Amino acid sequence: MFKKAFVWPSFQNKRVVVIGMGGGCDVFSAFSLHKLLQRDNPNGTFTFGNCVGTRDSLADHPQLTTHLYAPGAHKPLPPGSEDGKNTYGTTLLERSIPQSTSKVLLHHDDSGSIEGTTGPLIFEVPLKKGDVDTVTQTNTAALVHAWKWLQADVVIGVDNGGDSLTFGVDFKDGKPELGRDYQVLSALRSSQLPFFHVVFGPGCDGESTQEAMEQAVTKLDATGNLCGYLHIGDNLGVMKEEGCPKIGATRTPHIMWAAADAAKDECKTGEEDTKMVLIDRMTRPTLPRCWLYHGLVFTYGEANATAHL
């Protein structure tokens with residue numbers, strides 16, 4: 001899967017929105033990616049956020065437009081929340097990220113200009129069950145409206161683990177197309193906006209077997225959708241040192257950076273990492289450890305972002 005290294009194009013003078021596709025800890029990957037891309041593109045405008053389901057805690061966030069919310073007040077993750085049991089169905093993870101002191105122009109239209117922090121914005125994915133076509137149309141309309149409201153030139157969707165590729169196991173009514181990551185990918189593909197689809201740590205969410213992931217990536221490679229791979233060591237460093245609160249060993253960022261740290265300790269410079277590791281969550285697959293500190297980048301059809309930058 002890791003044949004060709006991917007190099008990000010220039011985002012100078014572009015408005016880029018980086019989103020966590022599946023909610024939860026995807027927001028930490030979005031945070032790290034937006035921060036590093038901003039560093040490398042000082043004349044670009046970057047913001048980031050997370051795609052979440054409808055929840056009561058959205059009332060704690062100022063609403064910017066339909067299904068889009070501004071960051072709530074910064075709030076450290078409460079003790080006892082490390083394993084995630086107290087964070088599901090909330091925006092605690094998003095609010096735990098230190099907010100930038102810099103201001104960016106989020107949007108301007110008939111209502112005038114709105115300034116806000118660089119994130120994390122909250123993108124509400126309103127439906128999670130029902131008829132697949134109806135759910136997909138509703139969610140797509142909500143997300144595309146938010147991205148265009150932000151006047152995004154490019155959207156980068158980040159998925160920890162890659163259930164957006166394999167469907168995974170986290171979906172309603174026995175309908176894999178209803179998984180949030182896949183719903184967000186469907187919206188990106190329908191948006192007519194240039195976008196990149198990024199998977200951090202393939203399999204780290206414990207939702208995909210090695211065979212399923214290899215089949216999905218091989219298929220997209222054959223159709224020209226796979227752009228290449230990323231070494232995400234710098235991203236993991238940003239997550240670990242700046243963005244992530246203290247989280248448990250079964251959360252996806254911890255799984256990724258633990259693998260990277262172990263490989264650094266055990267493998268000599270230039271030596272291939274051939275170790276297999278058990279992912280102790282969800283379906284508990286055994287996967288190549290090297291997957292966990294790499295990422296994959298995809299583009300699709302007319303929305304191929306590399307053709308627009």
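Here is a short chat about the pocket, a helix and the core of a predicted model.

Colleague: Before we start, what pLDDT do local features need?
Modeller: It's a predicted model, so to speak of totals first, those for chains, interfaces and linings use all residues, while side-chain atom pairs count only at pLDDT 80 or more and local features need pLDDT of at least 70. Residues are numbered from 1 along each chain as its sequence is written, and side-chain values use heavy atoms, with hydrogens and water left out.

Colleague: Which helix gives the largest share of the lining of the largest pocket?
Modeller: A pocket here is an open set of points on a 1 Å grid over the protein atoms alone, where a 1.4 Å probe fits, with protein on both sides within 12 Å along at least five of seven lines; lining residues have an atom within 4 Å of a point. This one holds about 940 Å³, and among its 39 lining residues the closest to the centre are Gly22, Gly24, Tyr88, Asp170 and Arg180. Strands E2 (45-53) and E8 (154-160) and helices H2 (92-95) and H5 (180-190) each supply at least two lining residues; helices are DSSP runs of H or I with at least four residues, strands runs of E with at least two. The largest share, 3 residues, comes from H5.

Colleague: Which elements do the buried residues of H7 pack against?
Modeller: Buried means under 20% relative accessible area and exposed over 50%, with a 1.4 Å probe and protein chains only. In H7 (residues 233-243) the buried ones are Asn235, Leu236, Val238, Met239 and Gly243. They sit on the same side of H7 because they cover an arc of only 160° around the axis, taken from the directions from the axis to the C-beta atoms. Exposed Asp234 and Glu241 are on the face turned away, while the buried residues pack against H1 (26-40), E9 (195-200) and H8 (252-266).

Colleague: How far apart are the C-alpha atoms of Ile255 and Arg289?
Modeller: Ile255 is in helix H8 and is buried, at 11% relative accessible area. Leaving out residues up to four places away in sequence, Ile255 touches Cys204, Ala249, Thr250, Ile279, Arg281 and Leu292, contact being heavy atoms within 4.5 Å. Arg289 is 34 residues from Ile255 along the chain, and their C-alpha atoms are separated by 9.9 Å.

Key
Points joined across faces, edges and corners; volume = space filled by probe spheres on them.
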